[in-house]
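Subject: Structure handover

Hello,

Here is the structure I said I would pass on. Please open it next to this email and read the notes below with it.

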Amino acid sequence: MNSALFVVVFITGLALVAAALWIAGLISPRSFNPQKGEAYECGIPTRGTSWMQFKVGYYLFAILFLMFDVETVFLFPWAVIVRDLGVSGLINILFFMIILVLGLAYAWKKGALEWK
Amino acid sequence: MFDFSIITHWIDNLLRSWMPENAALFVEFVLVGVVLLLTYAVIALALIYIERKVCAFFQCRLGPNRVGPYGLLQSVADMFKMLIKELIEIKHTDKFLFNLAPYIVIVSSMLAFGCLPFGRGLIAIDFNIGIFFIMAVSSIGVLGILLAGWASNNKFTLIGAMRSGSQMISYELSIGLSFLTMVVFAGTMQTSGIVEAQSSGWFIFRGHIPAIIAFLIYLVAGTAETNRGPFDLPEAESELTAGYHTEYSGIHFGFFYLAEYLNLFIVSGIATLLFLGGWMPFHIGGWEGFNQIMDYIPSVIWFFGKVFVVMFIIMWFKWTFPRLRIDQLLRLEWKYLVPISLVNLLLMVLVVIFKLHF
């Protein structure tokens with residue numbers, strides 16, 4: 001039942017966008033002008049493409065994020081039953097967390113968290 | 001307190017007595033879709049109006065007051081204006097990705113919206129991994145924003161999308177860790193289960209120190225996640241024109257606008273769900289008369305009331321703090337919020353294991 005509802009909500013989202021675009025296509029005006037299709041930048045013709053190499057700093061954070069996000073995924077099942085596991089559950093997961101914190105500490109020491 | 005599942009069961013039985021099972025199921029699905037679509041649109045319009053009014057009062061202005069009484073119809077008028085604007089086709093864009101991006105943004109916010117419990121028995125999708133599912137689908141929204149910025153082939157949009165991507169994935173961590181903290185406390189990930197677990201007291205009171213820290217972290221990270229307030233670098237008007245949606249016109253832009261406000265609602269809704277008791281009324285132990293009066297207020301009003309309070313706080317942030325720089329933004333997350341949330345998670349585990357909570 002829930003999975004079916006998931007599909008229903010998904011389709012609702014798609015339908016909202018599709019219907020609004022359809023209505024807009026029916027009632028919105030159309031005019032053609034060669035200047036109109038230019039990229040909105042500063043008035044003079046755009047130089048080159050924007051699909052280019054970009055500052056590496058952003059990607060570095062993406063990699064760090066990957067490490068921590070996978071950790072969160074592993075921690076969720078543990079979090080649900082931590083009440084029943086008690087102290088032994090905490091000790092077991094502590095090793096996992098320490099390795100992770102070491103990873104963060106290493107990245108910090110290496111200067112990966114600095115914006116250069 | 002009124003249980004909305006009475007209405008849904010009544011409709012279910014009515015439909016089943018009229019038509020075969022499969023047809024009844026189909027009609028119910030269509031009903032769910034239509035109701036969800038309407039609430040989605042109405043909440044978005046109401047939020048845009050509220051945001052403009054709140055913003056106006058913070059700046060000693062009147063805000064919208066011409067269209068309808070107190071300007072109430074202003075956002076409806078704006079919606080129609082957006083619908084009749086031309087959808088300009090830009091040259092040199094990646095057409096497929098450019099058109100795909102609004103779908104991703106809207107669908108991700110719609111899915112997260114469907115998981116919120118609005119009242120007793122009033123929830124569309126009630127997965128047993130509810131809160132995890134919300135985290136998963138709302139992080140897909142980043143993909144839409146990145147695609148929008150990349151596909152537009154414009155320098156402003158590219159910078160906006162990159163900033164937005166790094167900001168949203170970074171703050172996703174604190175959000176995940178504060179979710180985790182509360183899941184440890186609740187012992188379940190099901191959204192309705194989390195609300196039921198708060199019938200004897202809201203988590204922010206029962207979980208005392210770690211819950212309050214998690215709430216504050218969630219509030220900061222949630223503000224960043226919605227690209228609002230002091231964290232609005234992705235669409236900093238004064239630097240990047242409009243950030244990642246510079247090249248979108250008419251209703252195409254409207255989708256990003258809609259999703260942004262709905263994300264604000266979803267973030268406040270999750271804060272309410274996890275910390276402020278969802279649709280549970282406010283109870284004080286021992287005060288029986290007071291508690292009974294509180295029980296008379298319908299659950300939907302409780303939920304929306306709490307959501308609007310949290311939302312007002314997030315709007316307040318916007319007019320209080322100046323915009324951060326990208327390096328300050330990432331430093332705040334990685335050097336302060338992530339270590340604090342990790343320590344806070346361990347603190348919460350200790351509180352739960354040694355039963356130090358109320």
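Two residues are in contact if their C-beta atoms, placed from the backbone, lie within 7 Å. Keep in mind that this is a predicted model.

Confidence comes before the details. The model scores ipTM 0.86 and pTM 0.90. For chain B, the mean pLDDT is 85, and 99% of the residues reach 70 or more.

The interface

How many residues of chain B are in contact with chain A? There are 63 of them, and they meet 51 residues of chain A. On the side of chain B that touches chain A, two or more residues each come from H2, helix H4 (95–114), helix H6 (155–186), H11 and helix H14 (326–353) of chain B. H6(B) gives the largest share of that side, 15 residues. Sorted by class, the side of chain B that touches chain A consists of 39 nonpolar, 14 polar and 10 charged residues.

Chain A

Why is chain A described as more spread out than a compact globule? Its radius of gyration is 25 Å, whereas the globule rule gives 13 Å for 116 residues; the value is well over the rule, so chain A is more spread out than a compact globule. Along its principal axes, the C-alpha trace of chain A spans about 70 × 50 × 15 Å. Of the 116 residues in chain A, 16% count as buried.

Chain A is divided into domain 1 (1–29) and domain 2 (55–116). The centres of these two domains of chain A, taken over C-alpha atoms, are separated by 38 Å.

Helix H13 of chain B

Helix H13 of chain B covers residues 299–318. At 1.5 Å a residue, its 20 residues should span 28 Å, and the end C-alpha atoms are 29 Å apart, which agrees.

Which residues of H13(B) are buried? They are Ser299(B), Trp302(B), Phe303(B), Phe304(B), Lys306(B), Val307(B), Val310(B), Met311(B), Ile314(B) and Met315(B). An α-helix has 3.6 residues a turn, so residues three or four places apart point the same way.

Regards

Conventions:
Residues numbered from 1 in each chain as written. Chains lettered and ligands numbered in written order. Predicted model: local features only at pLDDT ≥ 70, side-chain atom pairs only at ≥ 80, totals over all residues. Helix = DSSP H or I, 4+ residues; strand = E, 2+ residues; numbered from the N terminus. Expected span 1.5 Å × (residues − 1). Buried ≥ 20, exposed ≤ 12 C-beta atoms within 10 Å, placed from the backbone. Nonpolar A, V, L, I, M, F, W, Y, C, P; charged D, E, K, R; others polar. Rg over C-alpha atoms; globule rule 2.2 N^0.38 Å. Domains from an automatic or database assignment. pLDDT = per-residue confidence, 0-100.
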